[in-house]
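Visitor: I am new to this structure. Please pick a single part of it and go through that part closely.

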Amino acid sequence: MMPLSFLKGGDTCIVIKVNGTLEVRKHLEDLGFTEGARVQVVSAPGKGNLIVSCRETRLAVTADMARRIMVNL
């Protein structure tokens, strides 16, 4: 298990859990980051935001939020 922020462009993973306050977890779950969701990293330009594909939608996720999403490859 590792944070989504560790992945590179093109990597695909499965969401294991989301960390953070109740408000943060709810926000990320509303975006589709729920347990078992398949996520593909479209672009990860270093230490900035990530562009990911989750549930047939492309999303920009801040590096801080990406650190809260725990995934398995």
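Guide: Buried means under 20% relative accessible area, exposed means over 50%, and partly exposed lies in between (1.4 Å probe, protein chains only). Cys 54 has 1% relative accessibility and therefore counts as buried. The model is predicted: local features need pLDDT of at least 70, side-chain atom pairs count only at pLDDT 80 or more, and totals for chains, interfaces and linings use all residues. Residues are numbered from 1 along each chain as its sequence is written, and side-chain values use heavy atoms, leaving out hydrogens and water.

The part to follow is the strand that holds this cysteine, β4, which covers residues 50–54. Helices (H or I, at least four residues) and strands (E, at least two) are DSSP runs numbered from the N terminus.

Now the neighbours. β4 belongs to an open sheet of six strands with antiparallel pairing, in the order β1-β6-β2-β3-β4-β5. At the edges are β1 (2–3) and β5 (57–61), each of which pairs on one side only. Two strands pair if DSSP finds at least two bridges between them. Four bridges connect β4 with β3 (residues 38–43), and the two run antiparallel. In this pairing Cys 54 has Val 39 opposite. β3 and β4 make a hairpin with six residues between them, and Gly 46 in its turn has a positive phi of about 95°.

On its other pairing, β4 joins β5 in the antiparallel sense through five bridges. Here Val 52 has Leu 59 of β5 opposite. This is also a hairpin, with two residues between the strands; Arg 55 in the turn has a positive phi of about 55°.

Elsewhere in the sheet, β2 (residues 12–18) is joined by four bridges to β6 (residues 69–72), again antiparallel. Val 15 has Val 71 as its bridge partner there.

In soluble globular proteins, nonpolar side chains tend to be buried together.

Back to Cys 54. A disulfide is a pair of cysteine sulfur atoms within 2.5 Å, and the structure holds zero disulfides. For Cys 54, the nearest cysteine sulfur is that of Cys 13, 8.8 Å away. Cys 13 is buried too, because its relative accessibility is 1%. Counting contacts as heavy atoms within 4.5 Å, Cys 13 is one of the residues that Val 71 touches beyond its neighbours within four places in sequence.

Gly 36, in the loop between α1 and β3, is 17 residues from Ser 53 in sequence and 14 Å away in space, C-alpha to C-alpha. Gly 36 is partly exposed, because its relative accessible area is 47%. Beyond its neighbours within four places in sequence, Gly 36 is in contact with Ile 14 and Val 15.
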